[in-house]
Amino acid sequence: MIEIKNIVKSFNDLKVLKDISLNVNQGQKVAIIGPSGSGKSTLLRLMNGLETPDEGKVLFESKDIFESKFSLNTHRQEVGMIFQQFNLFDHLNVLENCNIGQEKVLKRSKKEATEVSLHFLDKVDMKDFAKANVNMLSGGQKQRVAIARALAMNPKVLLFDEPTSALDPQMVQEVLEVIEELAQSGLTMVIVTHEMQFAFDVADIIYFMKDGQIVEYDSPTNLLANPQKEATVQFLSKFLK
Ligand SMILES: Nc1ncnc2c1ncn2[C@@H]1O[C@H](COP(=O)(O)OP(=O)(O)OP(=O)(O)O)[C@@H](O)[C@H]1O
Ligand SMILES: [Mg+2]
């Protein structure tokens, strides 16, 4: 579904991604782990065209997303993104936040958009808050609304960039549970996370990144039981007793 081919990306003099290649198959749950600054967010942002590569290609359903005839706007409907900081509109209520993209981009009527929004708000257990002001919500509630909003756009893939790292500890679990449920629905997902247990529970494959490179990747079980590289052992040992 997504093919990352030999991506090189620098910001000024800093080479942030050094020849990265990675595939995401339909229905697959891919987790990306690694230390801060290793290039995880940049890689994720490349997948929906929020960054452009210096070298290499990103293919979505075999089409080069950076070719001039490719519509990045359409692409971003199909590849939704969930950010650490929720990115909700403060001046809109919960329902309006979920409706706006559907009405503006997908040209759904308000009635249709509302039906879809309420369906997904219900899935993330936020239907009762449909009329609530976004500012009144906890971080965990905001993130669940952000997930409902993304789902309402009927995406083919969802990209999560550390969806729980801005949350107070007691709210992490409620958001992880929603994401785990989604994972079971068969949606294709790429998740950057520091929640190691979650990555091991949900992912089909885990990529470990360091210094702009993929150090190694494997199934959760194999990566945990039999990491091949010293850097992986060191990174994992911080999280595992
Ligand atoms: N727009 C930008 N301009 C300049 N430098 C950037 C930009 N975006 C990222 N960087 C730098 O690129 C490097 C990789 O950043 P990135 O955000 O991809 O790392 P990360 O693995 O997501 O880290 P974290 O776990 O802290 O989120 C960092 O050194 C960062 O400072
Ligand atoms: Mg990041």
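Predicted model: local features only at pLDDT ≥ 70, side-chain atom pairs only at ≥ 80, totals over all residues.

Biologist: Leaving aside its neighbours within four places in sequence, which residues is isoleucine 100 in contact with?

Modeller: Start with its place: isoleucine 100 belongs to helix H3. Helices are DSSP runs of H or I with at least four residues, strands are runs of E with at least two, and both are numbered from the N terminus. Contact means heavy atoms within 4.5 Å. Once the neighbours within four places are set aside, the residues touching isoleucine 100 are Phe89, Leu92 and Val105.

Biologist: Before we go on, what pLDDT do local features need in this model?

Modeller: Residues are numbered from 1 along each chain as its sequence is written, while chains are lettered from A and ligands numbered from 1 in the order in which they are written.

Biologist: Thanks! Is isoleucine 100 buried, partly exposed or exposed?

Modeller: Buried means under 20% relative accessible area and exposed means over 50%, with partly exposed in between (1.4 Å probe, protein chains only). Isoleucine 100 has a relative accessible area of 26%, so the label is partly exposed.

Biologist: How many Å separate the C-alpha atoms of isoleucine 100 and asparagine 226?

Modeller: Along the chain, these two residues are 126 residues apart.

Biologist: Which residues of H5 do Val94, Asn97, Cys98 and Gln102 of H3 meet?

Modeller: The crossing of these two helices, H3 and H5, is right-handed; that word applies if the near helix is turned clockwise from the far one by less than a right angle, and left-handed if anticlockwise. On the H5 side, the partners are Val145, Ala148, Arg149 and Ala152.

Biologist: H5 also packs on H6. At roughly what angle do their axes cross?

Modeller: Val178 and Leu182 are among the H6 residues in this contact, and Ile147 and Leu151 are among those of H5. H5 and H6 are therefore described as roughly parallel. The axes come within 8 Å, and they cross at roughly 20 degrees.

Biologist: Now for H9. Which of its residues are buried?

Modeller: H9 spans residues 230-239, and its buried residues are Thr232, Phe235 and Leu236. Down the helix axis, the buried residues fall within an arc of 95 degrees, so they line one face of H9; the arc is that of the directions from the axis to the C-beta atoms. The opposite face, turned away from the buried side, carries the exposed Glu230 and Lys238. So the buried ones on that one face are Thr232, Phe235 and Leu236.

Biologist: How many salt bridges are there?

Modeller: A salt bridge is a side-chain nitrogen of Lys or Arg within 4 Å of a carboxyl oxygen of Asp or Glu. One example joins lysine 9 and glutamate 51, at 4.0 Å from N to O. Lysine 9 lies in strand S1 and glutamate 51 in the loop between H1 and S4, so the pair ties together parts that are 42 residues apart in sequence. By this rule, the salt bridges number eight.

Biologist: Which lysine forms a salt bridge with glutamate 61?

Modeller: Glutamate 61 sits in the loop between S4 and S5, and its phi is near 45 degrees, a positive value in a residue other than glycine. Most residues other than glycine have a negative phi. With the closest N and O atoms 3.2 Å apart, the partner of glutamate 61 is lysine 156.

Terms used: Heavy atoms only, no water. Axes fitted to C-alpha atoms, helices over the stretch in contact; angles between N-to-C directions. Parallel < 35°, antiparallel > 145°, perpendicular 65-115°, else oblique.
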